[in-house]
Amino acid sequence: MPHIWCAGCGNGIVLNSLLRAVEKLGLDRNNIVMVSGIGCSSRMQGYVDFHTLHTIHGRALAFATGVKLARPELDIIVPMGDGDALAIGGNHFIHAARRNINLTAIILNNRIYGMTGGQYSPLTGMDKYATTAPYGTIVPSFDTVELAKAAGASFVARSTVYHVLHLTNLLEKAIKHKGFAVVEVLTQCPTYYGRKNGMPEAPEMMQWFKDHTFQRGTEPKKIEGEMIEIGLFVEEQREEYCERYEKSLQKVGKV
Amino acid sequence: MNNSEVKLLQGNEVCAEAAIYAGLEFFAGYPITPSTEIAETLSYKLPKKGGRFIQMEDEIGSICAIIGASLTGKKVMTATSGPGFSLMQEAIGYAIMTEIPCVIVNVQRGGPSTGLPTRVSQGDVMQARWGTHGDHAIIALTASNHQDIFTTTVEAFNLAETYRTPVILLYDEVLAHMREQVVIPEPGEIPLVERLITSVPKGTDYHPYFPREDGRLPMSDFGGVHRYNVTGLYHDMWGFPSDNPEITNELIHHLVHKIENRTINITRMKEYYLEDAETILISYGASARSAIHIMEDRRAVGMSIGMIELQTLWPFPEAEIRKKCAKAKYIVVVEMNMGQIIHQVKACVDHPGWVYLVNRVDGNLITPVDIKRILRIIQGKGI
C-alpha cells in the first residue's frame, strides 16, 4: 500500500502492532474511532478502516474527549507524535489523564518533528542535534511515563518498535483498559533524528532500542549512554470519567 | 392552550434557554467574562435534559470537543468572549473545512488583548468574518434584545444544520448581563432543523463529501454503519486528503458559495420607516437599542429618519442594503468599534461618501444623545 512515511520509518510497525491488538480483541470496526492530530504519526488514521478523524495540531485528545463523552460506548484510539502530544498538546494530555477518560493514547516517540523536517521536540533530550539545534539541544526531555502517572492516567506503559510482541500485548491491554491509557512507543526516524544524531540507518536505530532498554523489574545493563525502562508501569481500576458523568446524571434524575 | 412562559432573564440565560429549546445536547466551555453565565446555566440545565456538559482546560479544548461531539450526531455549542474567541479560530476553520455543524457564542467585550472584560464592545465583527486563516465564508448573527437573542440562537442551530457549517453568535456585554422580559415560546412554535442524515444503507458506499442534487451533504454519525475519514486537509468526496488542483478548486468554491450564494436566504434585518427616510441609521446589537430610541425621538420632531437593524452580519446583505439605501442622503452606521461594518456598507452603497460613522469605544454603551449630537453635525445643524 502506498503511504506517506519515509523508508525505514517505524510508524508502520506501530500500526501493524495496533491492528494485531484490535484483531485479537475482536473489536467491531463500526465501534472504533481513531482520532489523530498533525504530524507523521497522525497520518496513521488514513490507513485504517474505522471511523477516522484527522484533526489539528495538538488537539486530538480534545476532539476525542468530545466524541467519547457524546458516545461513551465507542472505543477511541488516539495516535499522536511526541511534539503533537507533549508540546502543543501537552495541556490536553495532562487534563485527559486527570479526568481518567476512557481513551487509548498512543505516543509515537521518534524524538523529532519529522513532518516539518527535523526540529527538536520535547522528547529529543539533551545534547542531541536537530535542524533547529545545530549546536545541540540544551533542554532535557519529559519522561512521558512519569508525566502520565503524575497527571492521573490509570494505565501507563512504554515499549519500542523493536519489541513488537511486547508492544502488541501492551496495546491490547491499553485498549481493553477502562480509563485513560497511555502507551509510549519509541519509534525510529532515520531520516531526521537518526541522520542528525549519528544513526542514519533504521536497523541500527532498532538495534539501539534493543540495547538501550530494559524490562521493568530487571537490572539495566551497565553500558554507556541512557538506559530506558520499558513495560507496564501503571494499571489501576479507577472510576472512569464518562461513568462518573452517567452517575451524576442519575443524581439529577436523568439517565 | 398557550404554554409559552414569560421570564425576566439575563441575555446569557436567554441564550442558554434558547440553545436547549433548539435541541442542544452537548456543550463544552471555559470560564470567561462576560459569557460565563451561559456555561453556568447549561451546567445546571443540560444534565436535566440528559445532555452533556463539560468544562474543558481551555477554549481550544472546548471548541475541539464540540466538533468531535457533533460528528456523533449531537447538536453542540460553546460560548466565550474575545480572548477565548481568538484561541478558537484555528478550530473554527477546521469546522468550516470539514463541514461540521456547531454554534459558537462570542459575547463581545472591549479589546484588544484582555481589554475591558466587564465592558461592552462590538470589536469582533471582523474577527468573526476573517479570524481563521484562509479563504472561507461564515455565518454570524446578532441581536439587540432578549426576545431576539432567543430566536437568533435557535436560528443559529438551524443554519448550522442546514448549511453544515459553524455559526457564530455575536452578542455583547450589555445584552449578556442586562435583565429583560422574554417570552419562552412553547415547543414547536419555532421550527427546528434536524440533521440531514444519509439514506445510503449499511453495506453501500457512503461519500461524506458527495453532494445531493440540491447541493446538501447528508451526514452519517460517527459510531454508525458508515466508516469514513474526516480531515482538515483539502479532501475528495471520500474525505481523504487530496492536492489535486481540480478537487482543491472545487472544494474552496463549494465552501464559499454554499453560504455566499444563499445570502438572501440566510440574512435577516429589521427595517424602520425606510419609505421616506432621508437619513438611514444602520446598527446592530446593543447599539441598535440607542439608535432605535433616537430615531423615534427625532421622528417625533419631524425628521425623516429611518433605520436598518442588522440581524445577520455575515454573510453581509450587500444587495439588500444597496437597494434600501438608494434614496438616502445620509447613511449613518452606529457601532461600538473603530468602524467595522461601516466598510461593508460603504462598499455596497451608491455613494460611499455619504456614509458616516457614529461610534463609541470607551467601554460604555453608546447613548441616544451621543447619536443625536453627531447627527446634528452631519446634517449641518451644529451642536
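**Exercise 1: The domain contact in chain B**

In chain B, 25 residues of domain 1 are in contact with 20 residues of domain 2, where contact requires C-beta atoms, placed from the backbone, within 7 Å. The model is predicted: local features need pLDDT of at least 70, side-chain atom pairs count only at pLDDT 80 or more, and totals for chains, interfaces and linings use all residues. Residues are numbered from 1 along each chain as its sequence is written, while chains are lettered from A and ligands numbered from 1 in the order in which they are written.

Task: describe the side of domain 1 of chain B that touches domain 2 of chain B.

Solution. 
- Step 1. The bounds, from an automatic or database domain assignment, are 5–184 for domain 1 and 270–378 for domain 2 of chain B.
- Step 2. Over C-alpha atoms, the centres of these two domains of chain B are 26 Å apart.
- Step 3. Elements are DSSP runs numbered from the N terminus, helices being H or I with at least four residues and strands E with at least two. Those of chain B that each supply at least two residues to this side of domain 1 include strand E6 (116–120) and helix H6 (146–163). H5(B) gives the largest share, four residues.
- Step 4. By class, this side of domain 1 of chain B has 14 nonpolar, seven polar and four charged residues. Nonpolar covers Ala, Val, Leu, Ile, Met, Phe, Trp, Tyr, Cys and Pro; charged covers Asp, Glu, Lys and Arg; the others, Gly among them, are polar.

**Exercise 2: Chain A against chain B**

Task: determine which element gives the largest share of the side of chain A that touches chain B, and how H2(A) and H3(B) pack.

Solution. 
- Step 1. The contact joins 31 residues of chain A to 34 residues of chain B. H2(A) gives the largest share of the chain A side, eight residues.
- Step 2. H2(A) and helix H3 (residues 59–71) of chain B have axes 6 Å apart and an angle of about 45 degrees. Axes are lines fitted to C-alpha atoms, for helices over the stretch in contact, with angles from 0 to 180 degrees between N-to-C directions.
- Step 3. H2(A) is therefore oblique to H3(B), since angles under 35 degrees count as roughly parallel, over 145 as roughly antiparallel, 65 to 115 as roughly perpendicular and the rest as oblique.
- Step 4. The residues of this contact of H2(A) with H3(B) comprise 13 nonpolar, four polar and no charged.

Notes. Contact = placed C-beta atoms within 7 Å.
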